[in-house]
Amino acid sequence: MSKLSDKKIPSGLDPWNALRIHTDARIGLGRVGDGLPTERLLEFQMAHARARDSVHMAFDASGVRAQLASLDQTILDVHSAAPDRATYLQRPDLGRLLDDASRETLTTHKARYDVAFILADGLSARATHDHGANTLSLILKRLGDSWSIAPITLATQSRVGLGDEIGTALGAKLTVMLIGERPGLSSADSLGAYLTWGPKPGRSNADRNCVSNIRPAGLAPEKAADKIAYLMSEARKLGLSGVALKDNSSSPALIEG
């Protein structure tokens, strides 16, 4: 029986290259003396800079609105109680609360909706800029006509919990928040989707379902939309979300519509 160690690696070729093409993880970095090779060190510094930029990047709500122009939906801008980015990062609790003007705006549109979609900056506005509108459009295509949809909200300085306030103010049975996730050193543009049935202030993460790492190099937006539409259908059918709602979408599922 041949052994991997018996195989000859051509001189000058890095045997890790064959594995690196399959992952963004940092593997086989090598060593020069007591440190990393210059190329690997520069790659790390660039990834770190991109992650920091994503956290501090301002949310371009008007740009996202323009991407949604083809949708026949009312779009509202809302803001959390965190007045600026520095406060948002230091006071997570304020990112879960609407400011007074936003609450009044949403209340004027209150009705009985099946779902309210929220596109939010979170900890990576880059993710929402790059993937939010496309992912939402793909979800809507999979839902059909049986869903009553609240005005879409674009939320600035938002944490996941802000969706509970938005859903309550609009009168939605279900909220789906597409929000930028905390950047990693290989994923500064990762988008997350959080589904909450019966949104109201005080909901915990155990009451939500999360579809994570939505991006071309992670969970492709098309596949994410399939999973989110499936979870939405099941949440409406069962009247629940979170740990009680199981994801069986690996088997063929018919989305209501």
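This is a predicted model: local features need pLDDT of at least 70, side-chain atom pairs count only at pLDDT 80 or more; totals for chains, interfaces and linings use all residues.

Residues are numbered from 1 along each chain as its sequence is written, and side-chain values use heavy atoms, with hydrogens and water left out.

Q: What makes a residue part of the lining of the largest pocket, and which are the closest to its centre?
A: A pocket is an open set of points on a 1 Å grid over the protein atoms alone, where a 1.4 Å probe fits, with protein on both sides within 12 Å along at least five of seven lines; lining residues have an atom within 4 Å of a point. Here 22 residues line the largest pocket, and Asp24, Arg26, Glu43, Leu185 and Ser186 are the closest to its centre.

Q: Which residue classes make up the lining of the largest pocket?
A: Counting Asp, Glu, Lys and Arg as charged, Ala, Val, Leu, Ile, Met, Phe, Trp, Tyr, Cys and Pro as nonpolar, and the others, Gly among them, as polar, the lining has 10 charged, 8 nonpolar and 4 polar residues.

Q: How does the lining of the second largest pocket divide?
A: Into 5 nonpolar, 5 polar and 5 charged. Among the residues closest to its centre are Arg159 and Tyr194.

Q: Why is Arg159 said to lie over the face of Tyr88?
A: The rule wants NZ of Lys or CZ of Arg within 6 Å of the ring centre and within 35 degrees of the ring normal. Arg159 is at 4.3 Å from the ring centre of Tyr88, so the contact counts. Arg236 lies over the face of Trp147 too, at 3.9 Å.
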